[in-house]
Amino acid sequence: MERRDFLRNAAFAAAGTLIVPAFMKPFEALALEELSLYKNLVVVQLSGGNDGLNTVVPFGNDIYYQMRKGIAVKPDEVIKLNDMQGLNPNLNCLRELYDQGWMSVINDVGYPNPDRSHFRSMDIWQTASDANQYLSTGWIGRYLDSNCQTCKFPYTAIEVDDSLSLAMKGKSKKGIALKDPAALYRNTNEPFFREMIKSDKDHLDEENLGYLYKTMIETSSSADYIQNTSKIYQPNYTYPNTGFSNQLKTVSRFICSGLKTRVYYVSLSGFDTHVNQVNQQGRLLQQYAEGINAFVKDLHQNNKLDDTLVITFSEFGRRVAQNASNGTDHGTANNMFLFGGRLKKQGIYNAAPDLANLDNGDLKYQIDFREVYGTILDKWLDVNNAQVLNKRFNTLDFI
Amino acid sequence: MDRKDNFANIKHLYNRAGFGIAYPDLLQLSKRRLSKAVDKLLDIPHQGPDLLTVSADEFKQQQLVLAGLNGKKDLSPEEKQQREDITKARNEKSRDLNLDWVQRMIATQNPLLEKMTLFWHGHFACRANNPFYSQQLNNIQRNNALGNFKTLLMEVSKSPAMLDYLNNQQNKKGHPNENFSRELMELFTLGRGNYTETDIKEAARSFTGWAYNKNGDFEFNPKVHDEKAKTFFGQTGTFDGEAIIDLILQKPETANFICRKIYIFFVNDTPDETHVKELAAHFYEQKYDISALMKRLFNADWFYGKENTGNKIKSPVEFLVNLSREFYVTYNKPQILIQLQTSLGQYLFNPPNVAGWPGGKSWIDSSSLMLRLKIPSLVLNDGILDFNGKADPEEEAVIALNKKQKPRPVKSYVNAQADWSKFLSCFPKDMKQTELASFLLEPTLGKKVSDIIISNVNLKNTAIAVTSMPEYQLC
């Protein structure tokens, strides 16, 4: 038997059905749709440590009100999702998405031995490391490195920003950062730049110089591809005029124009609310919700919502008790939001945070964030998560 | 070795050991033997001058006020304002400190001292929220940059910045905090695989009581020190912190670990094990004398080998300092140097974590490379920078207080001047464009590079074109 046949038969035999993760199948056994070139992941980073307990409010739990006398969201203001939890009123725009079954909330996502430094914890979330481990590559970067069938292009991962986050940097491959495809296109089409990358391939085998030239050539071809593909699409959905919404609008343009990019990365800053939290966080949550609302409906209108999964995370949640300045200090586990047209478990995914059972005043995590990543890698990006996360993580069933 | 080799070798030496060399200096030095140039680099005061951006008086004054405020339960609006003002003043000083150091690197007559300080800055990577502590640590790193590694290690370990960063203030008898102990062995001395988890636990007990006082001085607190016996590297004794550091230094693995990092920083991203061993043996034999190590390194034949020249990617700070020195650049609005550091991914005093900046290829991705290629024309031609780095996570609280979340204006004038007449006066009148290019670039000129520069009308345009090439990213 040829190796190819053996692999195919083994995969089917092992699973007994057709539901086999794509990474277990040989390339030849996959139909084009199965390769799902057009399935997208959009990662939304809330920087500064968003207060999860005032985002998804445990209004059914008295402890919440006892510990947050100055900043708790009143029960009659909460947008109730079930008997225990509801959304901050500034997230009103999300209710519509929730009712459509396009939204899930995962409670208490974190990791063992949590770190309360913004920098370190963000590092851990972006590299998917253990708390006492330092990695110089990000989880999406290592997904690019894994060289799977669906992540081979230099534009496989795009961050809508000027500079590239560690999450997007692999060892041999990296995502591409751009705020405006037209500007990048102009830069890579300047005569001097074109002159430098044309012909003359002698540099390409030299170690670091070759790497620089390769990066320039890939940037240039990506810029051409992104600009030429995305300029055809005429956006027809109105977004609020905020920096965050503009990022999502750009992502939508890329997705709707059929760009073969798999991962998009955007972020919203300012969640470090130590002082007078209510208004600050409220303002940010509103921007977040309005942006997401427009983005999800835009994708739905363009029949792209089924092929898109949006996840939102922050480097940590905040302490359960408020501080003396009507703010909150750095904490641990936090909720994550998921949006998409094909969520398997819509609504609230798991039990609400247990406020009676804390670790030194902090929430205990129920779900390791790498199980969330692992699920996405396995079931959405079609790559064995052990290859990216350095060890195998259990998968969840939200997709 | 003929004259031409000497010219290239000294240029290489100054690129790696410093931040480049001016053409007249290079001509002058290349008349002498290479070892003389090495001696000249090393024959400098091995200390200071200290950076004095934050005065001790200012720091003590702030500490007093803060101590008063922290003791109170409810603060009046004036007192809250007072506290905010101090935070604001400190943030400003942190930026000033960063700029003072970068400007020092651009102007220094002792490039090796600052280059070594930069190396130790990345090796003993630390973030302190108090600029006075950052300054202290930086001065320790400079004063011992070419001194003895043991003294350096000891002083760094006792600095408030590091005690704070690695939680040794919380390391107490009965409740050890292992953070410092772990990083000391994993990142500062031995490297993974050369110690056990037990060693970490036991050493942590030895460092209990290492703390600092309100004046920012190291203070040993015997009350919280665990005096009982510890078993470390298989030996049992009532080791204190100093004894643990001594035991760590007795292991040749420490010399090996440091030399490997030195090799990666100064020679090649991919270490040659034979060369590393050679350096480590010498370093150990010379009782961790850093100056002796560097002398050996810069006098080694292989340091000037083809495989070790023109192939290292400059770090963002090396790139910026190199460019600024080369063209005698004055920054009328020095803050642009901070924006450039953050955009390019090396914001001094703010390393990504205690492991420092990973370096090498990780400096380069499509956006950082595009920006690097653009910077020379911006700085040398006074252009507009339409590029913003990411917000530092520590600045999130400030962003949180800022009401406006409309798209930020992202354009800023670089507002810098190169001293072109000084730059051009360095060269002989009949200097050819290709000669200038080979002087400015470390990699050998390919045909394409020559073709591009030959079409430039004068030396100034040639210089801008050459520094905008990927070849200029290497040294």
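Buried residues make up 45% of chain B, which has 475 residues. A residue is buried if 20 or more other C-beta atoms lie within 10 Å of its own, exposed if 12 or fewer, and partly exposed in between, with C-beta atoms placed from the backbone. This is a predicted model: local features need pLDDT of at least 70, side-chain atom pairs count only at pLDDT 80 or more, and totals for chains, interfaces and linings use all residues. Residues are numbered from 1 along each chain as its sequence is written, while chains are lettered from A and ligands numbered from 1 in the order in which they are written.

**Chain B overall**

Chain B holds 23 helices and 8 strands. The radius of gyration of chain B is 24 Å, close to the 23 Å from the globule rule for 475 residues, so chain B is as compact as a globular protein of that length. That radius is taken over C-alpha atoms, and the rule is 2.2 Å times the number of residues to the power 0.38. The C-alpha trace of chain B spans about 75 × 60 × 35 Å along its principal axes. Helices (H or I, at least four residues) and strands (E, at least two) are DSSP runs, numbered from the N terminus.

Of the contacts in chain B with a separation of 6 or more, 72% join residues 24 or more positions apart. A contact needs C-beta atoms, placed from the backbone, within 7 Å.

Lys36(B) sits in helix α3 (residues 34–42) of chain B. Lys36(B) is partly exposed, with 13 other C-beta atoms within 10 Å. In sequence, Lys36(B) and Asn299(B) are 263 residues apart; in space, they are 10.0 Å apart, C-alpha to C-alpha.

**A helix pair in chain B**

Helix α16 (residues 316–326) and helix α17 (residues 335–344) of chain B have axes that come within 9 Å and cross at roughly 145°. Axes are lines fitted to C-alpha atoms, for helices over the stretch in contact, and angles run from 0 to 180 degrees between N-to-C directions. The crossing of α16(B) and α17(B) is right-handed. Handedness is left if the near helix is turned anticlockwise from the far one by less than a right angle, and right if clockwise.

From α16(B), Pro316(B), Val317(B) and Leu320(B) meet Leu337(B), Leu340(B), Gln341(B) and Leu344(B) of α17(B). This contact has 6 nonpolar, 1 polar and no charged residues. Ala, Val, Leu, Ile, Met, Phe, Trp, Tyr, Cys and Pro count as nonpolar, Asp, Glu, Lys and Arg as charged, and the others, Gly among them, as polar.

**Strands in chain A**

Strand β5 (residues 103–110) of chain A is mostly covered, with 8 of its 8 residues buried. Its pairings are tabulated below; two strands pair if DSSP finds at least two bridges between them.

| Partner of β5(A) | Sense | Bridges |
|---|---|---|
| β10(A), residues 334–340 | antiparallel | 5 bridges |
| β11(A), residues 347–348 | parallel | 2 bridges |
| β12(A), residues 367–368 | parallel | 2 bridges |

Val109(A) stands opposite Asn334(A) in β10(A). In β12(A), the bridge partner of Val109(A) is Ile367(A). Ser104(A) has Gly347(A) in β11(A) as its bridge partner.

Chain A also has an open sheet of 3 strands, ordered β2-β4-β3 with antiparallel pairing. β2 (56–57) and β3 (79–80) of chain A are at the edges with a single partner strand each, so one side of each is left without a neighbour in the sheet.

**Where the chains meet**

The contact takes 48 residues from chain A and 46 residues from chain B. On the side of chain A that touches chain B, α9(A) gives the most, with 10 residues. By class, that side has 14 nonpolar, 21 polar and 13 charged residues.

Definitions and conventions: Two residues are in contact if their C-beta atoms, placed from the backbone, lie within 7 Å.
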